[in-house]
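The exercises below are meant to be worked with the sequence and the coordinates side by side. Try each task before reading the solution that follows.

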Amino acid sequence: MPSRRGPVAVLALLAVLVTVLATLTTPAAAAASTLNQLAQAQGKYFGSATDNPELSDSAYAAILGGGEFGSTTPGNSMKWDATEPQQNQFSYAQGDAVVDFADAHDMMVRAHTLVWHNQLPNWLTSGNWSATQLTSILQNHIANVAGHYKGEVYSWDVVNEPFNEDGTYRSDLWYNTLGSGYIATALRAARAADPNAKLYINDYNTEGSGAKSDAMYNLVKSLKAQGVPIDGVGFQAHLAVQYGFPSDMQANLQRFADLGVDVAITELDVRMELPADSAKVATQATYYADVTKACMAVARCVGITIWDYTDKYSWVPGTFSGQGSALPWDENLNKKPSVYDAIATALGGSGDGGGGGTANCEVAYSTNDWGSGFTANITVTNQGPAISGWTLKYSYAGDQRLSQGWSGTWSQSGKDVTVTDAGWNGTLATGASTSIGANFAYSGSNTAPTAFTLNGTTCD
Ligand code: XIL
């Protein structure tokens, strides 16, 4: 055989080699998109609320600002007690910190909230105000607070929770002193203070059809008819698996959109009675998926915000005794794969077990190969926060076929191998390892896999 090759042949050979190498080193599944990337692909955002104390938790902040979320809402720091603790003395440091965080991480801010019945300072609730006095207090507050954040926020929840469950107006300082006209007063003041912010009315238990939702619908319709500035309706969506899913959510969102306003899911969480179990978590995952699908199906649903992303900082246990586990990330800041996947899939993603992200695991892979079969020995080391339960995924390039695995539940679909923990080795503290193995048959070549994910996160 002639051993000399012309330059073209050498180049062709090189090209083949490069292709083979690329094939071997390409991760089996391309890194999944983040929730916000998936939402953005549909012209929407996916966001998470936050709160100031949490921002000093660096592991928490890394995830909040790491690309999963395109928007944030300050859970407390723009409320009346935080921004005007004494009459006409304004305090913006906490709210500014959230805006600064959002700016630094390319996130929008849904500002929350200007007029509410809760978290009002004593000077306001204990004053015995006339309607004239209270109107000017309200206008002054909005002019200052929305003025301070002018141009910095995407939207304002101008009025929060105006209705009772039966659709009557909530009896509170505002309604009792000013009647329902406080709503139009607040919206006009907000428009004057920040003409580009989207102005919302926000409430809970309005996600599905019903008396409260009808009351909101009639209010928005009448505000529009009067030319009062209103751009959107927020649906908090604080759901609970034990109360069922709100009926007709998509149709309900659509009827509001048909009034000529945006709609948004603003405070989504899905709580359950503790302890969590697999049936409750499965129901929870469907609720998250169904809310997401409803928003995706309505053109004017602009996005979804979850009421913080991790159980570590959820408001649920402190408010609803004995309930919790309401968010897609657990209290160790790990994604709950089934919940996260349900959202990602409803957003149009592949739902591959938790998406891409920074490596928080290391995998050592070795084989004992006898030509027609081999034993694969895998040691997984958790380099992220502690986990309780794991799924490892990787793929083979050839025809390797699983015959038997141990120290985990092994399965194979085509070239893709999935191993879940065996129970006893499910909990891995930071830095902890576990070793697993399996026998495979093969013919042809037996190239080692190069890309592994643990709970959806790419490993080194
Ligand atoms: C909650 C906060 O998350 C808590 O930290 C705070 O103690 C109470 O308020 N509906 C709303 C939010 O509109 O402002 C509430 O936020 C949750 C219910």
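**Exercise 1.** How many bridges join strand 14 to strand 17, and do the two strands run parallel or antiparallel?

*Solution.* Before counting, note that this is a predicted model, in which local features need pLDDT of at least 70, side-chain atom pairs count only at pLDDT 80 or more, and totals for chains, interfaces and linings use all residues. Residues are numbered from 1 along each chain as its sequence is written, and side-chain values use heavy atoms, with hydrogens and water left out.
Start with the elements themselves: helices (H or I, at least four residues) and strands (E, at least two) are DSSP runs numbered from the N terminus, and two strands pair if DSSP finds at least two bridges between them.
Strand 14 (residues 391–395) is joined to strand 17 (residues 416–421) by 5 bridges, and the two run antiparallel. Within this pair, Lys393 has Thr418 of strand 17 as its bridge partner.
Then widen the view: the pair belongs to an open sheet of 5 strands in the order 16-17-14-20-21, with antiparallel pairing. Strand 16 (408–413) and strand 21 (457–458) are the edge strands, each pairing on one side only.

**Exercise 2.** Determine which strands pair with strand 1, and whether its faces are buried or exposed.

*Solution.* First, the partners: strand 1 is joined by 4 bridges to strand 9 (residues 301–306), running parallel to it, and by 4 bridges to strand 2 (residues 71–74), again in parallel. Gly47 stands opposite Thr305 in strand 9, while Ala49 stands opposite Thr73 in strand 2.
Next, the cover: buried means under 20% relative accessible area, exposed over 50%, and partly exposed in between (1.4 Å probe, protein chains only). In strand 1 (residues 45–50), 6 of 6 residues are buried, with Tyr45, Gly47 and Ala49 on one side and Phe46, Ser48 and Thr50 on the other.

**Exercise 3.** Explain why helix 15 counts as largely enclosed, and find what covers it.

*Solution.* Helix 15 (residues 337–346) has 7 of its 10 residues buried, so it is largely enclosed by the rest of the structure. The buried residues are Val339, Tyr340, Asp341, Ala342, Ile343, Ala344 and Ala346. Taking contact as heavy atoms within 4.5 Å, the cover over these residues includes helix 2 (35–40), strand 1 and helix 13. After helix 15 comes Gly348, which has a positive phi near 95°.

**Exercise 4.** Which residues have the most contacts inside the largest nonpolar core?

*Solution.* A nonpolar core is a set of buried Ala, Val, Leu, Ile, Met, Phe, Trp, Tyr and Cys residues joined through side-chain atoms within 4.5 Å. The largest such core has 98 residues, and Trp156, Trp174 and Leu268 have the most contacts inside it. Its largest share, 9 residues, comes from helix 13 (residues 278–297). A second, separate core has 23 residues, among them Val363, Val380, Val417 and Tyr442.
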